[in-house]
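Student: I have a structure open and want to learn how to read it. Can we go through it feature by feature?

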Number of protein chains: 2
Amino acid sequence: MSEPIEFWFDFASGYAYLSAERFAALAARCGRRVLWRPYLLGAVFKISGGRPATEAPIKAAYYHRDIARSARLLGLPLRFPATAPINPVRAARTAYWCEAHAPEHMAAVCHALLQAHWGQGRDITTAEVCAEIAAEICGQPAAYIAADSQSPGIKDRLRAVTDEGMAKGAFGSPFMFVDGEPFWGGDRLEQVERWLQTGGW
Amino acid sequence: MSEPIEFWFDFASGYAYLSAERFAALAARCGRRVLWRPYLLGAVFKISGGRPATEAPIKAAYYHRDIARSARLLGLPLRFPATAPINPVRAARTAYWCEAHAPEHMAAVCHALLQAHWGQGRDITTAEVCAEIAAEICGQPAAYIAADSQSPGIKDRLRAVTDEGMAKGAFGSPFMFVDGEPFWGGDRLEQVERWLQTGGW
């Protein structure tokens with residue numbers, strides 16, 4: 001069986017929200033599984049010298065406009081966070097809790113967290129809210145998920161995955177790998193699909 | 001008559017090369033003229049905190065790969081500059097010399113300079129080479145263009161245009177304006193065309 005294709009993203013990234021479901025659909029069309037890899041862009045930015053688009057001089061206003069315009073074109077609801085970028089750590093840990101304890105639900109929880117935040121404007125910076133969202137999908141008690149998702153093992157897992165992403169060369173969100181080939185940005189979904197269909201060019 | 005649509009770019013930008021002719025074709029399909037606006041991203045970066053992609057840690061290797069991969073997909077020749085990013089000042093001044101003295105040829109000269117550098121690997125950092133390229137198109141003596149394109153009036157013009165671009169909110173290459181709506185990146189060509197066809201969404 002072929003390896004999964006990889007979708008690295010930060011929950012604080014609007015472009016991750018705009019791309020995640022399309023990436024899932026693309027993978028399904030091409031008969032490939034997806035490895036969902038939430039990671040912490042803040043850690044990457046410390047090395048790359050990047051910074052959140054919403055904090056960059058001149059660019060910030062454009063990003064707001066571009067994300068809103070792209071969401072309208074895609075027909076996706078958008079509630080731009082009042083205080084962007086949010087801290088994505090609790091959401092990412094919740095995702096890796098699912099990976100450890102309910103892996104069959106990890107994809108759905110990732111989509112639900114992105115959707116809750118970017119589509120509905122919910123605050124996903126607390127373990128409690130993230131756990132509520134995961135609990136509805138996983139069918140386990142929210143209080144248990146809230147506590148266990150912030151345990152040392154899960155914290156270490158998120159740190160290790162973030163380090164792995166950086167080591168592989170991921171530096172943005174979304175950042176995708178298809179059989180080792182890196183693609184950065186929701187703008188590259190068409191190239192990703194073509195790469196899958198043709199085996200590269 | 002409707003206003004032209006605007007293509008702001010830096011001659012040191014591979015994405016400008018990959019997008020310029022497609023933007024011209026898109027404008028022709030939509031019955032719009034193009035205002036070609038070479039400007040100096042280096043001046044923008046001083047304010048925006050950006051930097052050339054080819055100089056950014058982690059990202060540089062990806063950019064090389066992405067530009068090469070995109071060029072192959074588009075069927076465009078590519079000779080990645082040995083010392084990227086180049087200084088785009090002489091090329092940009094040559095373009096504004098055309099604007100002042102042979103405006104009907106400015107678009108062709110912009111395309112030819114991008115193509116010479118990115119498609120053929122020619123060094124376009126000297127006034128002499130840029131003037132040779134413009135002379136073939138404009139039919140005026142290369143020596144005259146080389147000297148006159150570096151005159152104070154042309155230097156001032158390029159500075160003023162760069163300031164105008166920053167004031168309008170341009171911060172990348174290519175950066176496009178369609179009836180006041182800003183679009184950043186060759187990845188946005190499809191949205192630009194749709195915007196022109198629909199009047200926005």
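Tutor: Start where the chains meet. The size of an interface is often given as the accessible area lost when the parts come together. Between chain A and chain B, about 3100 Å² is buried, and carbon and sulfur atoms give 54% of that. Buried area here is the accessible area (1.4 Å probe) that two parts lose on being put together, summed over both.

Student: Which residues of chain A lose the most area to chain B?

Tutor: Ile58(A), Tyr62(A) and Arg69(A) do; together they make up 21% of what that side buries. Before we go on, note that this is a predicted model: local features need pLDDT of at least 70, side-chain atom pairs count only at pLDDT 80 or more, and totals for chains, interfaces and linings use all residues. Residues are numbered from 1 along each chain as its sequence is written, chains are lettered from A and ligands numbered from 1 in the order in which they are written, and side-chain values use heavy atoms, with hydrogens and water left out.

Student: How many residues are in contact across the two chains?

Tutor: Contact means heavy atoms within 4.5 Å. By that rule, 32 residues of chain A touch 32 residues of chain B.

Student: How many salt bridges cross the interface?

Tutor: The rule asks for a side-chain nitrogen of Lys or Arg within 4 Å of a carboxyl oxygen of Asp or Glu. It finds 8 salt bridges between chain A and chain B. One of them joins Arg69(A) to Glu181(B), with the closest N and O atoms 2.8 Å apart.

Student: Which elements of chain A touch chain B?

Tutor: Helices (H or I, at least four residues) and strands (E, at least two) are DSSP runs, numbered from the N terminus. Those giving two or more residues to this side are helix H2 (41–48), helix H3 (59–74), strand S4 (181–184) and helix H9 (189–198) of chain A. H3(A) gives the most, with 9 residues.

Student: Now the rings. How do I describe an aromatic pair?

Tutor: A pair of aromatic rings is described by the distance of the centres and the angle of the planes. Rings of Phe, Tyr and Trp (its six-membered ring) pair if their centres lie within 6.5 Å; planes under 30 degrees apart count as stacked, over 60 as edge-to-face and the rest as tilted. Over all chains there are 38 aromatic pairs. Phe183(B) and Trp195(B) form an edge-to-face pair, 5.7 Å centre to centre with 75° between the planes. Phe183(B) sits in strand S4 of chain B and Trp195(B) in helix H9 of chain B, 12 residues apart.

Student: Are Phe183(B) and Trp195(B) buried or exposed?

Tutor: Both are buried. Buried means under 20% relative accessible area, exposed over 50%, partly exposed in between (1.4 Å probe, protein chains only).

Student: What about the backbone?

Tutor: Most residues other than glycine have a negative phi, and most peptide bonds are trans. Here a cis peptide bond joins Ser173(A) and Pro174(A), with omega about -5°. Pro174(A) lies in the loop between helix H8 (152–168) and strand S3 (175–178) of chain A. In chain B, a cis peptide bond joins Ser173(B) and Pro174(B), with omega about 0°.

Student: Where is Asp179(A) found, and why does Asp179(A) count as exposed?

Tutor: Asp179(A) is in the loop between S3 and S4 of chain A. Phi of Asp179(A) is near 50°, a positive value in a residue other than glycine. Asp179(A) counts as exposed because its relative accessibility is 53%.
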